[in-house]
There are 2 protein chains.
Amino acid sequence: MKKFTVGVILSLLALASAMDAGAQERAAWPAAPVVSPEKNGDQITFRIKAPNAERVTFNGSWMSFMENPEMTRNADGVWEYTVSGLEPDLYQYTFNVDGVTMADPNCLNHVRDGASYRTWIAVKGEDEPAPYEFESSTRHGKLEKVWYDASVYGKQRRLSVYLPYGYEESDGKYPVFYLQHGGGGDEEAWPTLGRICELMDYMIERGLCKPMVVVMPNCNPVVAASHEVTLPDRNPENMADPDFAEGISHVKSMYTDIIPFVESHYKVLTGKENRAIAGLSMGGIYTLNLTQMRPDLFDYIGVLSMGTTPEKKAVDQLTPVKDAGYKLYYVCCGESDIAWSNAERLLAGLNELDMDYVYYGDVPGHQWETWRKCVLDLAPRLFM
Amino acid sequence: MKKFTVGVILSLLALASAMDAGAQERAAWPAAPVVSPEKNGDQITFRIKAPNAERVTFNGSWMSFMENPEMTRNADGVWEYTVSGLEPDLYQYTFNVDGVTMADPNCLNHVRDGASYRTWIAVKGEDEPAPYEFESSTRHGKLEKVWYDASVYGKQRRLSVYLPYGYEESDGKYPVFYLQHGGGGDEEAWPTLGRICELMDYMIERGLCKPMVVVMPNCNPVVAASHEVTLPDRNPENMADPDFAEGISHVKSMYTDIIPFVESHYKVLTGKENRAIAGLSMGGIYTLNLTQMRPDLFDYIGVLSMGTTPEKKAVDQLTPVKDAGYKLYYVCCGESDIAWSNAERLLAGLNELDMDYVYYGDVPGHQWETWRKCVLDLAPRLFM
């Protein structure tokens with residue numbers, strides 16, 4: 001009996017008397033739900049019914065996204081793929097049925113990863129709870145979705161803001177961690193895929209990091225907020241922002257709009273010693289650009305799954321930071337990450353300039369398992 | 001060029017040099033994206049590529065959910081369905097491919113409706129913006145996701161809370177509108193499908209309703225919060241709550257936990273004249289049960305797409321409300337709604353007891369188009 005049965009029983013009760021025979025027949029047509037995913041010991045089997053499909057492939061977030069193993073068709077037209085031995089973590093997966101990528105239609109736990117919907121699967125370890133799991137006995141901060149005037153764009157834009165538990169009642173002020181998403185993400189990415197609220201609650205509860213406010217902007221110049229808010233719009237004119245790859249408008253808006261908004265609307269400390277900035281992938285580029293342009297703003301700088309792109313020079317990006325002074329320069333990128341060569345260039349620049357830094361490489365590739373792990377490593381180093 | 005191209009260009013740049021020839025070949029295998037939906041005048045065509053499927057059907061939220069017209073296969077194996085003349089509104093749709101229901105894999109705009117993911121489509125009218133559209137020039141309230149101690153459940157649970165613009169700066173206090181979701185929904189339903197923030201912003205900005213706080217609990221006894229937060233869990237023991245159909249635990253928690261939490265943590269007015277309660281479908285049942293048990297709490301009561309179920313007596317549900325006194329009793333249910341016979345029983349009870357009420361029936365069926373319209377009609381009647 002599946003969890004979402006709760007949701008349909010009442011509707012079914014209400015419907016029963018209203019259904020004519022023909023409707024009942026049509027309603028009965030979809031086959032019994034396929035069980036997917038199914039855990040059996042350390043094996044997990046994923047299934048999708050597609051009796052007439054020619055080719056069905058699988059992708060899991062623990063693989064490269066170019067890795068697409070074939071699924072196997074059984075006699076019922078159900079295609080299966082089994083994995084075993086996954087480390088405890090929170091993963092996502094998709095099916096591709098004859099060229100169409102989709103989340104698992106038989107599992108409720110979808111999550112949006114930028115432009116696509118994927119399905120969550122949690123592989124639990126023996127030591128519970130994992131930091132990313134929700135734990136009812138822990139105290140919890142809250143998450144705000146708040147609008148601010150973005151003068152750089154001439155419109156309002158939306159932020160996700162994590163406030164640690166006790167924020168409302170506190171007489172004190174908090175430092176601020178600005179955390180940027182990657183390409184295709186938005187202000188929802190860190191709270192959903194990154195599970196930032198659960199991770200921060202976990203660390204703060206255990207005294208592993210300081211209570212802090214975490215501000216997660218929408219870094220895309222072409223949309224004001226997650227598409228759930230701004231509604232369907234396929235107008236190609238919305239693409240017309242030549243600055244997007246560099247994130248210049250976003251970077252300007254960070255110091256012109258976002259930081260002033262946060263510092264005037266929340267109980268936060270000011271000054272560079274109370275500000276941290278980090279970003280993953282595209283957000284890592286924005287971090288490099290922002291700290292190069294405004295090295296006076298942040299004492300704590302984190303570049304995740306990114307580094308110096310080939311057309312840039314790391315010493316140009318880093319020299320202003322070195323000159324202005326900083327307390328932490330942090331690079332997280334695994335050697336299997338698609339951005340590893342960029343990270344290598346950044347690390348080489350840090351070495352060349354003889355700058356202190358922390359490098360954290362014991363992470364998988366360009367995926368959320370990496371970035372959640374990275375936050376657990378990085379946040380305890382901030383504001384200490 | 002699709003909107004989400006923004007998101008992938010950077011990844012593709014980063015990837016280009018890393019891809020081997022085999023990977024490029026695999027990456028090229030998925031066909032060019034199908035354009036879906038495509039608008040052409042007042043026609044909208046929905047498409048899905050499924051060359052080997054035997055039967056593909058369509059469902060739109062403007063239909064009964066038992067209505068599943070066949071889609072037509074064209075020469076490329078793309079199945080199509082075209083609709084014309086839809087009234088301006090925000091709809092959702094799904095495909096069913098050989099028995100598997102799914103959101104449109106070629107359109108980013110998915111939205112969760114309880115246990116299923118559907119795809120949004122906005123049909124825009126000539127007068128823009130519609131109340132449910134995000135408008136950058138309007139002032140916007142904020143949305144909080146906040147945890148409270150639910151003593152009835154012995155655990156923390158999550159609320160969505162809408163705070164009108166100006167809340168932070170205001171010296172005043174606000175009335176509170178408690179708004180409950182339907183079966184299968186959760187505390188995300190009103191903010192996403194119900195677009196409550198956009199609707200409230202729209203009405204408040206135009207002076208159509210009073211600024212108010214809107215509190216949207218998770219009314220399901222078996223989960224503490226939306227499944228995005230509590231993570232995948234298919235444990236059937238979680239179903240074991242005999243009270244769920246009546247919502248007894250939720251109803252108790254409303255007056256034991258939720259109202260006291262809201263009134264001690266937010267700048268809100270107290271007393272029944274400053275509290276409104278409404279709910280749709282299952283949430284309508286909970287509204288009836290709560291106001292029967294605690295008629296002293298709310299002066300404004302709304303039952304949406306629901307009424308008195310066959311095993312109940314409307315006079316039993318209503319007499320305590322009549323005796324305690326109230327300012328508004330509001331019923332919204334269209335005659336095509338699956339809950340219409342329940343609404344008829346409730347309306348008969350109101351008449352039998354000679355109670356004043358407002359009935360609003362100019363709405364479609366058991367769907368979010370109805371409930372958004374209903375909020376626009378109901379909220380202006382609250383706290384006036």
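In this predicted model, helix 6 of chain A (residues 248–265) packs against helix 7 of chain A (residues 282–293), with axes that come within 10 Å and cross at roughly 55 degrees. That angle makes helix 6 of chain A oblique to helix 7 of chain A, and the crossing is right-handed. On the helix 6 side, the contact is made by A:His250, A:Val251, A:Met254 and A:Tyr255. Helix 7 of chain A brings in A:Tyr286, A:Asn289, A:Leu290 and A:Met293.

Strand 1 of chain B is joined by three bridges to strand 2 (residues 43–49) of chain B, and the two run antiparallel. Across this pairing, B:Glu38 stands opposite B:Thr45 of strand 2.

How far can the picture be trusted? The complex gets an ipTM of 0.82 and a pTM of 0.86 from the predictor. For chain A, the mean pLDDT is 86, and 87% of the residues reach 70 or more. Residues 1–31 of chain A are another matter: pLDDT stays under 50 there, although the model has 42 contacts beyond four places in sequence for this stretch. Residues 234–240 of chain A also have pLDDT below 50, with 15 contacts beyond near neighbours in sequence. Where pLDDT is low, the predicted coordinates should not be read in detail.

Technical notes
Residues numbered from 1 in each chain as written. Chains lettered and ligands numbered in written order. Predicted model: local features only at pLDDT ≥ 70, side-chain atom pairs only at ≥ 80, totals over all residues. Heavy atoms only, no water. Axes fitted to C-alpha atoms, helices over the stretch in contact; angles between N-to-C directions. Helix = DSSP H or I, 4+ residues; strand = E, 2+ residues; numbered from the N terminus. Parallel < 35°, antiparallel > 145°, perpendicular 65-115°, else oblique. Left-handed = near helix turned anticlockwise from the far one by under 90°. Contact = heavy atoms within 4.5 Å. pLDDT = per-residue confidence, 0-100. Pairing = 2+ DSSP bridges.
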